[in-house]
Every structure is written in C-alpha cells, then in structure tokens.
Amino acid sequence: MKLNVRILTLFLLMFFIAESCSKSENEEAVPNYVGTWERTWHDEELDANLKQVLILEALAFNSEISVQSGDAYVLSKKFSGTLAVVDNTLEAQIKKLAVFSENEIVLNIRESDSSFGADVFAHLSIHPVFVGVWFFVPGELTLRLDMDGDGSVRGDEGLFVFQK
C-alpha cells in the first residue's frame with residue numbers, strides 16, 4: 001500500500017512539474033523587456049530636468065519626453081516605431097515623430113518621408129533606424145543604442161537606464 005501511495009505521489013508531482021514547465025501551442029512567452037519604463041535626467045544643454053516614458057511591446061515602441069516646469073512635466077516630444085529583437089540585440093525604426101510647444105500644442109508631426117531622418121536627428125539626436133543591445137534585471141532595463149548611425153555601439157554611446 002505504501003509503495004502504491006509513493007508511486008502515485010511521485011506521478012502526480014512529475015505531472016504538476018511537467019504541466020507548469022510546458023506551454024500550450026498558442027501561448028508565447030512575453031519578453032521581459034515588454035512594459036512601461038521610465039527614466040529621468042538633467043540635460044546640461046537645456047539646463048532642465050527631463051523625463052522619458054518608454055512603452056515597449058514585442059514588435060513596437062512608443063516614447064514621450066517631457067521637460068520639468070515647476071513641479072510638473074510638460075510634454076515636449078513623442079515618437080513611435082517598430083522594433084525587432086533577437087536575443088539581446090535590437091533594431092528599431094522610428095516611424096512617427098511629434099514635437100510640442102511649451103503649452104503642449106503640436107508644432108510638428110512627421111512620418112517617414114524623404115527628409116524624415118534629418119528631422120528625427122535634429123529633434124532626438126538619433127537616426128530613425130538604429131541598432132543596439134539591451135540588458136534586463138528585475139525592475140531595470142538598460143539600452144545601449146547606436147546614436148551616430150554607423151551601425152555599432154562604442155564606449156558609453158547611447159547608454160540609457162530605465163526603471164519599471
């Protein structure tokens with residue numbers, strides 16, 4: 001009797017372990033970079049505090065950059081695009097850019113066209129198509145992005161650390 005109980009217990013334990021480790025055919029693991037991320041920093045050129053909110057999906061991103069005015073942050077730039085991730089490397093393409101006035105009135109909305117790249121670089125200091133790598137630890141996402149458009153990331157170029 002004790003042997004049958006042990007065998008049944010062992011069988012049930014193996015079943016629950018196998019069930020918890022397996023995925024259904026329709027279920028895909030959500031990448032750990034997916035979510036809403038935020039970072040704040042002081043921009044010496046503008047002599048202002050800035051905040052960036054980055055919303056990452058599996059294949060797309062949206063981002064807003066705001067400038068601190070008193071106790072509040074005022075929306076300055078908003079951009080979005082597509083994202084391709086393989087392991088810890090990524091390639092992103094900005095598809096849309098909006099620039100706002102101090103009163104959060106849209107000054108300029110641009111989508112991909114012949115001069116879009118120059119406009120994106122002028123407002124965001126990054127090329128509209130860029131590569132990089134990402135690293136994740138619980139609660140923190142680090143991005144290293146190619147800011148100058150040469151296809152590689154060197155030194156401390158494009159180092160961004162976001163918090164969940």
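How many bridges join strand 5 to strand 7, and do these strands run parallel or antiparallel? The views below take up this question within a predicted model.

**View 1. The chain as a whole, with its helices and strands.** Two helices and nine strands make up the secondary structure of the chain. Along the sequence the pattern reads α-β-β-β-β-β-β-α-β-β-β. The chain has 164 residues, and 32% of them count as buried.

View 2. Contacts give another view of the fold. Of those between residues at least 6 apart in sequence, 30% join residues at least 24 apart.

**View 3. Strand 5 beside strand 7.** Strand 5 covers residues 89–100, and strand 7 covers residues 129–137. The two strands run antiparallel, and five bridges join them. Thr89 has Val133 of strand 7 as its bridge partner.

**View 4. Strand 7 beside strand 8.** Strand 8 spans residues 140–145. Six bridges join strand 8 to strand 7, and this pair runs antiparallel. Phe135 has a bridge partner in strand 8, namely Thr142.

**View 5. The hairpin of strand 7 and strand 8.** Two residues lie between the strands of this hairpin. Which residue here takes a positive phi? Gly139 does, with a value near 85 degrees.

How values were computed. Residues are numbered from 1 along each chain as its sequence is written. This is a predicted model: local features need pLDDT of at least 70, side-chain atom pairs count only at pLDDT 80 or more; totals for chains, interfaces and linings use all residues. Side-chain values use heavy atoms; hydrogens and water are left out. Helices (H or I, at least four residues) and strands (E, at least two) are DSSP runs, numbered from the N terminus. Buried means under 20% relative accessible area, exposed over 50%, partly exposed in between (1.4 Å probe, protein chains only). Contact means heavy atoms within 4.5 Å. Two strands pair if DSSP finds at least two bridges between them.
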